[in-house]
Amino acid sequence: MEKIGIMGGTFDPIHNGHLMAAEEVRQKLELDRIIFVPAGMPPLKSAHKIAEARHRHNMCLLAVAGNPYFTVSDIETVREGISYTFDTISQLCQIYPNDRLFFIVGADVPSGFHRWKNFEGITALCDIVVTTRPGHKIGKNLRDKYSDILHIIEISDVDISSTKIRQSLAEGLPVRYLLPDGVVDYICKNRLYGSWLGQIKDKLEKELGRRRFLHSLLVMEEAVKLGRHYSCDEDTLESLRIAALLHDCARPFCSEQGYPAVVALCERDGIALDPFFKTNLPLTHSVVGTILAKDKYGITDPMVLSAIAGHTFGKSDMSFVDKVVYLSDFIKPDRQPDKVRGEARRLAYEDIDGAMIYALRQTIEKNTALGRDVYRESGRALEYLEEKYGKR
């Protein structure tokens with residue numbers, strides 16, 4: 001008879017904390033092996049907010065590779081419907097009828113046992129292992145009720161969580177050494193949890209140079225701050241991050257390649273470049289930016305591409321993301337501080353449409369006073385906003 005640990009979880013994603021906990025339990029209980037069982041459709045979590053089951057299963061396979069005591073089961077990921085632990089343990093008992101099963105959970109789980117489907121049935125089929133952090137207490141009632149099958153295992157205190165890892169990936173922060181390298185590479189390759197933001201940052205810094213890249217980071221931070229101020233959902237915040245980060249991605253190309261190259265690139269993409277840009281070549285970066293965002297960075301989100309295209313001059317019927325990226329670029333702290341930008345910043349957090357009207361009007365008036373050409377799209381954008389929201 002073998003002693004088999006069953007470590008279930010969402011594993012979204014699996015990380016080194018999971019692996020360390022499993023190894024400590026295996027050694028302390030002298031288990032013959034541990035089977036990781038990624039959940040298919042967890043009953044207590046929203047399915048649309050977690051990575052696809054196939055990805056979580058593949059990440060588990062990569063994580064345990066090389067450890068002869070660890071294996072992965074797809075028992076839940078291939079089963080249709082909600083993944084109930086009772087069903088999983090029952091099925092595993094049929095697969096391993098002569099072995100003793102130890103179901104492993106974290107210290108935060110026991111308080112929710114009363115919500116589980118047929119928890120008493122689970123306790124009749126296997127031992128329960130609760131992993132705790134140093135100093136963590138398990139209730140006396142739980143200890144007394146399941147004293148024959150309950151194992152309290154104190155494991156090393158490692159401050160790693162899937163939630164923090166997902167947040168770091170969404171913000172383009174490093175996660176190496178929190179996860180096995182193979183899992184990190186898989187996440188990046190499959191663009192899970194917004195991990196491609198980090199890849200975009202690496203490539204963009206090389207393209208833009210340090211100063212312009214720092215400006216792009218500041219614009220991104222401002223855009224996300226504005227988005228959160230207006231209670232945007234995570235999908236919109238992701239679009240804001242990408243659009244703001246890439247808004248200047250075409251500046252080096254437009255500055256270095258010359259007008260014929262810019263025209264050729266636009267024609268290749270079906271864009272007829274306005275004659276205005278022949279004498280204002282650097283300003284083509286908003287138009288060309290949409291092309292390079294697709295070609296170099298793999299961007300296909302229409303919302304992101306629209307915001308890149310409109311961040312310099314604005315445009316008629318701007319979306320919320322368009323307005324936030326335009327204003328974030330206009331008011332960023334690395335710009336020379338003045339009364340106009342200060343007022344635009346104040347308005348941006350009170351009345352975003354009023355802020356757009358103010359910023360566009362001030363820009364047009366300033367360029368006109370300096371004798372510069374004003375691109376007609378800016379005038380159209382201002383007229384559209386004033387007609388729709390009134391002159392502010």
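Pro13 sits in the loop that runs between strand 1 and helix 1 (16-28); helices (H or I, at least four residues) and strands (E, at least two) are DSSP runs, numbered from the N terminus. The model is predicted, so local features need pLDDT of at least 70 and side-chain atom pairs count only at pLDDT 80 or more, while totals for chains, interfaces and linings use all residues. Residues are numbered from 1 along each chain as its sequence is written, and side-chain values use heavy atoms, with hydrogens and water left out.

The peptide bond joining Asp12 and Pro13 is cis, with omega about 5°. Phe11 also lies in the loop between strand 1 and helix 1. Its phi is near 50°, a positive value in a residue other than glycine. Most residues other than glycine have a negative phi, and most peptide bonds are trans. Phe11 has a relative accessible area of 4% and is therefore buried; buried means under 20% relative accessible area, exposed over 50%, and partly exposed in between (1.4 Å probe, protein chains only).

## Overall dimensions

The protein chain has 18 helices and six strands. Its radius of gyration is 28 Å, well over the 21 Å that the globule rule gives for 392 residues, so the chain is more spread out than a compact globule. The radius is taken over C-alpha atoms, and the rule is 2.2 Å times the number of residues to the power 0.38. Along the principal axes, the C-alpha atoms fill a box of roughly 85 × 40 × 35 Å.

Buried residues make up 52% of the 392 in the protein chain. The accessible surface of the chain is about 19,300 Å², and carbon and sulfur atoms contribute 50% of that. Accessible areas come from the Shrake-Rupley method with a 1.4 Å probe; for residues, only the protein chains shown count as cover. Of the contacts between residues at least 6 apart in sequence, 67% join residues at least 24 apart, where contact means heavy atoms within 4.5 Å.

There are 52 positive and 54 negative side chains in the protein chain, and the centres of the two sets lie 3 Å apart. Lys and Arg count as positive and Asp and Glu as negative, with His and the chain ends not counted; each charge is placed at NZ of Lys, CZ of Arg, CG of Asp or CD of Glu.

Helix 3 (residues 85-95) has Thr85, Phe86, Thr88, Ile89, Ser90, Leu92 and Cys93 buried. These pack against strand 1 (3-9), strand 2 (33-38), strand 4 (100-106) and helix 4 (119-125).

Asn98 is in the loop between helix 3 and strand 4. Its relative accessible area is 61%, which means that Asn98 is exposed. Asn98 and Lys3 are 95 residues apart along the chain, with their C-alpha atoms separated by 9.8 Å. Asn118 lies in the loop between strand 4 and helix 4. Although Asn118 is not a glycine, its phi is positive, at about 50°. Asn118 counts as partly exposed, at 38% relative accessibility.

## Helix 10

The 13 residues of helix 10 (residues 234-246) should span 18 Å at 1.5 Å a residue, and the end C-alpha atoms are 18 Å apart, which agrees. The expected span of a helix is 1.5 Å times one less than its number of residues.

Eleven of the 13 residues are buried, so helix 10 is largely enclosed by the rest of the structure. The buried residues include Thr236, Glu238, Arg241 and Leu246. Their packing partners are helix 6 (162-170), helix 8 (196-208), helix 9 (210-229), helix 13 (285-297), helix 14 (302-310) and helix 15 (320-331).

## Helix 15 and Ser328

Helix 15 has twelve residues and reaches 16 Å from its first C-alpha to its last, close to the 16 Å expected at 1.5 Å a residue. Eleven of the twelve are buried, and the helix is mostly covered. Among the buried residues are Asp322, Lys323, Tyr326 and Asp329. The cover includes helix 9, helix 10, helix 14, helix 16 (339-348), helix 17 (352-369) and helix 18.

Ser328 lies in helix 15 and is buried, with a relative accessible area of 0%. Leaving aside neighbours within four places in sequence, Ser328 is in contact with Val219, Glu222, Ala223 and Leu226. The C-alpha atoms of Ser328 and Leu197 are separated by 18 Å, and the two residues are 131 apart along the chain.

## Lys388

Lys388 belongs to helix 18 (residues 376-389). It is partly exposed, with a relative accessible area of 49%. From C-alpha to C-alpha, Lys388 and His151 are 67 Å apart in space, and they are 237 residues apart in sequence.
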